[in-house]
Structure formats: structure tokens, C-alpha cells
Amino acid sequence: MYKKIFELINDELNSILGKEKFYELKKLEIREYKVKFVFLDSALLAVKVINYELDLLGPEPRLKRKNDYLKPYKDKYFR
């Protein structure tokens with residue numbers, strides 16, 4: 001089960017980084033059924049946060065995108 005979850009996260013991460021060439025992954029948080037990607041957008045010098053939720057109750061586990069937002073860059077995000 002964990003192998004499938006990590007494959008889902010890896011596939012989603014590769015698809016995001018394949019589309020956006022200015023994104024740099026800074027942080028990946030996995031807490032219970034929530035997954036959070038924190039990227040540094042070097043073109044805008046901003047922080048992009050994308051939240052996902054693991055859907056484990058269906059026939060196949062999958063990641064559901066919940067929300068994403070853009071924040072101005074501050075050093076406190078990467079300490």
C-alpha cells in the first residue's frame with residue numbers, strides 16, 4: 001500500500017515539474033492522508049503551495065487536488 005502511495009506522489013511530482021520549468025521543490029510534507037508540495041518559483045520569486053488529499057477508500061488509491069496558492073517569498077518558509 002505504501003509503495004502505491006509513494007508512486008502516486010512521485011508521478012504527480014514529475015508531472016508538475018515537467019510542466020513548470022521554473023519550479024524547484026523545497027518541501028514535501030505527508031501527514032496522515034494529506035500531502036503538501038512547497039515549490040520555489042524562481043521566475044516570480046514566490047512560493048507555490050499545492051495541497052492534496054489521499055483517497056484510499058476507492059478501488060484504486062489516488063491523489064485529489066484540494067487547493068493551491070501563491071505566497072511572496074520569505075526566508076522563513078525554508079528554515
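A salt bridge is taken here as a side-chain nitrogen of Lys or Arg within 4 Å of a carboxyl oxygen of Asp or Glu. The model is predicted, so that local features need pLDDT of at least 70 and side-chain atom pairs count only at pLDDT 80 or more, whereas totals for chains, interfaces and linings use all residues. Residues are numbered from 1 along each chain as its sequence is written, and side-chain values use heavy atoms, with hydrogens and water left out.

**View 1. Salt bridge between Arg62 and Asp55.** Arg62 and Asp55 form a salt bridge in which the closest N and O atoms are 3.5 Å apart. Arg62 counts as partly exposed at 43% relative accessibility, whereas Asp55, at 18%, counts as buried; buried means under 20% relative accessible area, exposed over 50%, and partly exposed in between, with a 1.4 Å probe and protein chains only.

View 2. The search of the whole structure finds five salt bridges, and one of them links Lys4 to Glu60, with the closest N and O atoms 3.8 Å apart. Lys4 lies in helix H1 and Glu60 in the loop between S3 and strand S4 (62-72), so the pair ties together parts that are 56 residues apart in sequence; helices (H or I, at least four residues) and strands (E, at least two) are DSSP runs, numbered from the N terminus. Lys4 is partly exposed, with a relative accessible area of 32%. Glu24 and Lys26 also meet in a salt bridge, at 3.2 Å from N to O, and both are partly exposed, Glu24 at 41% relative accessibility and Lys26 at 38%.

**View 3. Glu53, a buried charge in strand S3.** Glu53 is placed in strand S3 (residues 46-55), where Glu53 is buried yet has no salt bridge, the nearest side chain of opposite charge being that of Lys66, 4.1 Å away. For charge, Lys and Arg count as positive and Asp and Glu as negative, while His and the chain ends are not counted. Not counting residues up to four places away in sequence, Glu53 touches Tyr33, Arg62, Leu63, Lys64 and Lys66, contact meaning heavy atoms within 4.5 Å.

**View 4. The largest nonpolar core.** A nonpolar core is a set of buried Ala, Val, Leu, Ile, Met, Phe, Trp, Tyr and Cys residues joined through side-chain atoms within 4.5 Å. The largest has 13 residues, and those with the most contacts inside it are Ile9, Ile16, Val35, Phe37, Phe39, Tyr52 and Leu63. Helix H1 (2-19), strand S2 (34-41) and S3 each supply at least two residues of this core, and H1 gives the most, with five residues. Leaving aside neighbours within four places in sequence, Val35 is in contact with residues including Ile9, Leu28, Ile50, Tyr52 and Leu63.

**View 5. Tyr23 in strand S1.** Tyr23 is placed in strand S1 and, at 16% relative accessibility, counts as buried. Beyond residues up to four places away in sequence, Tyr23 touches Ile16, Leu17, Phe39, Leu40, Asp41 and Lys48. The C-alpha atoms of Tyr23 and Tyr73, which are 50 residues apart along the chain, are separated by 13 Å.
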